[in-house]
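Let's walk through this model together, one element at a time.

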Amino acid sequence: MREIKKNIYWVGKVDWEIREFHGSEYSTHRGTTYNSYLVEDEKTALIDTVWSPFGTEFVESLDKHVSLKDIDFVVAQHAEIDHSGGLAELMERIPDTPVYCSKNGVKSLKGHFHKDWNFVPVKTGDKLSLGKKELVFIEAPLLHWPDSMFSYLTEDNILFSNDAFGQHLATELLYNDLVDQDELFQECIKYYANILTPFSGLVEKKIEEFKSLNVPIDMICPSHGVIWRKNLGTIISAYKDWVVCKPKAKVLVVYDTMWKSTEKMARAILEGAIEGDVEARLINIRTDGITVLASETLDAAAIAFGSPTLNMILMPQMAAGLTYLKGLKPVGKAGFAFGSYGWAKGGAKEIEAYLKDMKFEILREPLQAQFVPSEETLEECRAAGRLLADKAQLLAGAQKGM
Ligand code: FEO
């Protein structure tokens, strides 16, 4: 329990060891935190809980610091179990305490826990008086689920933003200005890319909605990672770039390989890209994984994807990466497909179909090599890499001019 402002406490859990989130699609190599907050005024409100495995520890720890019976209101901003997991145990101890959540929150909490708690459904603008201060609720559907909502605490000007503005970063340092800034922003972009990209339009609208409310925000308290208490403009401005997938002059060459022929092509494409004045990165989909692919794609302008042909289609891990990316709906990208084949083609063509589905601007026909690429094919790969770099510069330049 740590006081973050007078009579407002962080009562969450730092999870140093989690390495996979959402099943396995999100690799959390820096761990995470589940942030829960206790607001004391004439009445006391608890905002969110922690992931289920830490439920008992959470409730016992809370009970040591504040008698559970003194909690007047529970606010459940989002039913996903990384935030609602501790509710079951908590509500067993205080079964009549009202649970404030969105209308969809009632539905999803009932679906998760099959309990008829004392739910109080709220909508945007509804207020809960704590005495001198009020919690004002703001529905935030699909940030991250249809049930998600934010809460704004008057007087202290704190926005409890649940998943928005979060990061999977385990730290005891608690605040954004105390942690390593490079690590923080790497985790922020990774989080945005892997969790929020499909809902970018709604993120943009929510930021505008807040601007139009013209309320002061001194602190943003998300449900994962650090609390934003200084330079709030940096994360808000970063979100504004990410909602449009604002491209940098950056090229990715993503590949899988069987006997290294597609790898040779990938490396030649990268050589060509490096000749342009761009940031260029090679991604081996099997060793780097899909979390890295999604994170790097967010601000990349041009991407080549390569796979050998296996059983007349593409390699399974490349299919997984492209399927994951397709669900995340990145916008404004350009690229092409490449890959080697033996007795039958198929891999590169299938990649191109994914790219078309994702509305990539297709920069050239699939670049293919039978068996092992010849020097002539590798030269064609270098030229294709230069094409990627030129396009990346063009797209990044067009954004600068906007
Ligand atoms: Fe952090 Fe959507 O849960």
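Just after helix α4, histidine 114 adopts a positive phi of about 55°; helices here are DSSP runs of H or I with at least four residues, strands are E runs of at least two, and both are numbered from the N terminus. This is a predicted model, in which local features need pLDDT of at least 70 and side-chain atom pairs pLDDT 80 or more, while totals for chains, interfaces and linings use all residues. Residues are numbered from 1 along each chain as its sequence is written, and side-chain values use heavy atoms, leaving out hydrogens and water.

Stepping back into α4 (residues 103-113), you will find Gly105, Val106, Ser108, Leu109 and Phe113 buried, meaning under 20% relative accessible area with a 1.4 Å probe, protein chains only. These buried residues pack against α2 (81-84), α3 (87-93), β10 (99-102) and β11 (119-122), where contact means heavy atoms within 4.5 Å.

Now turn to an open, mixed sheet of 5 strands, ordered β12-β13-β14-β15-β16; strands pair if DSSP finds at least two bridges between them. β12 (127-129) and β16 (219-222) are the edges, each with a single partner strand, so one side of each has no neighbour in the sheet. Strand β15 (residues 158-162) runs parallel to β16, joined by 4 bridges. Across this pair, phenylalanine 160 stands opposite cysteine 221 in β16. Helix α6 (residues 200-213) packs on the sheet and touches β13 (134-139), β14 (149-153) and β15. The direction of α6 makes about 145° with that of β13, using N-to-C axes fitted to C-alpha atoms, for helices over the stretch in contact, with angles from 0 to 180 degrees.

Terms used. Buried < 20%, exposed > 50% of the residue type's maximum accessible area, 1.4 Å probe, protein only.
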